[in-house]
Every structure is written in structure tokens, then in C-alpha cells.
Amino acid sequence: MEIITKPSRYYSPLRYPGGKAGLSKYLSVLLEVNSIHQCRYVEPFAGGAGAALNLLINEDVDSIVINDLDKHIYYFWYSIINNSEDFIERVEAVNLSVEEWVKQKQIFTDPNASIFEKGFATFFLNRTNRSGILNGGPIGGMEQRSEWKIDARFNREGLTERIHKIGLYKNRIHLENKNAFELLSNIDLKNNYFIYLDPPYVNKAKDLYLNHFTKDDHILLASFLNSSKHLKWVLSYDNDEFIKKLYKNRVCKEFNINYSADKVRKGKEIIIFSDNILQC
Ligand SMILES: C[S@@+](CC[C@H](N)C(=O)[O-])C[C@H]1O[C@@H](n2cnc3c(N)ncnc32)[C@H](O)[C@@H]1O
């Protein structure tokens, strides 16, 4: 089966460099082929959690675990899950201007701001920054002289619909702000888990995410996954020889990805399977 990367719908309110909503159709078939029903689906590197939300809202899985080490990403998810209606009011009312961008950028780094304020600032910067990169600049620049302006990716109606929808599923979404290694080490095998991992890229991750992975982290993750005989997992990565070597004893397939944050990385990625998963 071809691994298609175009999602039928987007449910995540976040724009994410390398977002994997497009893998959800494939993951849904993979779950079906492996007779994994009503599972708890875990994303240890969730970011925008596009695939997780698609699978949940399409009822392919019973519940999802969204984990990300990035505190700001966690604040965002925490706020929309626990306070979705207040969040929607803010989305509807916020000014889409460079002045507001400067204000939100200050809140983003203010240690005294509340979780909700920081969660909203994260969302605001994600929707108004170039390619959604949190430490980047606003779309259109500070001077707003280009054709695309700061509001180009801030469709209030579409975004509030997504946030409202996620709020409806709050009891089936489990949120964590852990190091992926800690999360993985504590998975209880008695539960019906399925894990999809999308770690930071080997190349370029430093420019894209606030938390990137070192070479040692990639090695550690491989040694953890390669030796875990009972976890059911799939893993996606950049198509990189170093990674392929780390997983040389696992089945690995290439797939195409539409990637907007960085033209250089447009192209093929790889997906790697645990031995106890039938691939399709
Ligand atoms: C490739 S992105 C995930 C994108 C996601 N699949 C999506 O569709 O939006 C990798 C994510 O891993 C997070 N991350 C980096 N190091 C981590 C760690 N040690 N534990 C958990 N999350 C981590 C980053 O903050 C980033 O959000």
C-alpha cells in the first residue's frame, strides 16, 4: 500500500513543521490490518498532534496520549483542552497586528504569565510566524510590506471550530509534558497501546523546534526501541543513512511528504516498524 500523506481534514489548530496529519489514513489502515481496536494511541513527540487528532475524531482509536517536552506546546494543549471556550473567545477577539505580535512574544517568555496566557501566546505566534516556527519572525516581516500579512494563517472561524471540536473530546485526550524516554519507560503493557513516534529530524531540527535531539538521543531512542520486544510502535524519520543504520534490523519503508517549512526537506521520509507489527 502506498503511504499517502495528504489528510482529508486538519483538526490540529497548530501549524507544525513536518506535521504528520497526512499519515493518519495510513495509520488507520495499519491498525486495522493488525486488528488493533480501541487502543490507547500514544505520540511521545506529539507537536501539533495532527495524526493523533484525526485518528481520535475518526474513531479509529479509543483515546490518545499527547506528549511533548516543549513546555509551550504543553501550555497550549492544556489551555485548549481544559479551557476551550475561553480560548475561543480570545481567538475571536485578538488583534492581528505587529503590535499584538510584540505583546504576545513578551508573554511567551514571561515567567510570571499564567499557563493560559502562555498557551495563547504560543498559539498566536504559531499562527502568525513564518512557517509556524516559534522563534521565527512574523509573516510579512515587522514592516508588513510583503503580499502575505500577519493574518494570512489566522482563519478565526476555522480555528475556533477545531478548538471547539477538541474540547468535546477532552475526556479522551491525555496530556503529558515529559521527556519521551520517561514516557516510553512507563508504558504499562497490560493496556492496549499503540505508539507512533515522530522525533525531531536528524538534520535541521535545531532551526524548527525549541527542543531538538542530539545524535546521542537518536542512538538512545534506537537502542530503547530495538530492544523493546513487546511495545507496538511505528517511527517516522528523515531519510537518513545514519538512522537507517540504527534500525538496520527493522523493516523500513520510504514515503513522500509535503513539507512547507523548509524546501530542502521536501521529499522522502522513512517509516520503521516494530517486529510485532504487520506492515501494509
Ligand atoms: C517532528 S516534531 C513532531 C511533529 C508532529 N508529529 C506533528 O504532526 O505535528 C518533534 C517534536 O518532538 C518534541 N521533542 C523534542 N525532544 C523531545 C523529547 N526528548 N521528548 C519529548 N518530545 C520532544 C519537539 O518539541 C517537537 O514538538
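Student: Is Phe124 buried or exposed, and what is the relative accessible area of Phe124?

Tutor: This is a predicted model, in which local features need pLDDT of at least 70, side-chain atom pairs count only at pLDDT 80 or more, and totals for chains, interfaces and linings use all residues. Residues are numbered from 1 along each chain as its sequence is written, and side-chain values use heavy atoms, with hydrogens and water left out. A residue is buried under 20% relative accessible area, exposed over 50% and partly exposed in between (1.4 Å probe, protein chains only). Phe124 has a relative accessible area of 0% and is therefore buried.

Student: How many aromatic pairs does the whole structure contain?

Tutor: Rings of Phe, Tyr and Trp (its six-membered ring) pair if their centres lie within 6.5 Å; planes under 30 degrees apart count as stacked, over 60 as edge-to-face and the rest as tilted. The search returns 16 such pairs. One of them, Phe76 with Phe123, is stacked, at 5.8 Å centre to centre and with 5° between the planes. This pair joins helix α3 (residues 71–82), which holds Phe76, to helix α6 (residues 115–128), which holds Phe123, across 47 residues. Helices here are DSSP runs (H or I, at least four residues), numbered from the N terminus. Both Phe76 and Phe123 are buried.

Student: Why is the pair of Phe124 and Phe154 called tilted?

Tutor: The planes of Phe124 and Phe154 meet at 55°, with ring centres 6.0 Å apart, so the pair is tilted. Phe124 belongs to helix α6, while Phe154 lies in the loop between α6 and α7 (156–168), 30 residues apart. Phe154 is buried, at a relative accessible area of 5%. Phe76, Phe123, Phe124 and Phe154 are among the members of one aromatic cluster, which also includes Trp77 and Phe120.

Student: Which residue lies over the face of Phe120?

Tutor: A charge sits over a ring if NZ of Lys or CZ of Arg is within 6 Å of the ring centre and within 35 degrees of the ring normal. Arg90 is placed over Phe120, 4.7 Å from the ring centre. Likewise, the charged end of Lys215 is over the ring of Phe242, at 5.0 Å from its centre.

Student: Which polar side-chain atom lies 2.6 Å from an oxygen atom of the ligand?

Tutor: A polar contact is a pair of N or O atoms within 3.5 Å. The side-chain atom in question belongs to Asp68. A polar backbone atom of Lys20 is 2.7 Å from a ligand oxygen, and a backbone N or O atom of Gly48 is 2.9 Å from one.

Terms used: A polar contact is a pair of N or O atoms within 3.5 Å; within protein, one must be able to donate a hydrogen and the other to accept it, and residues adjacent in sequence count only if both atoms are side-chain atoms. Helices (H or I, at least four residues) and strands (E, at least two) are DSSP runs, numbered from the N terminus.
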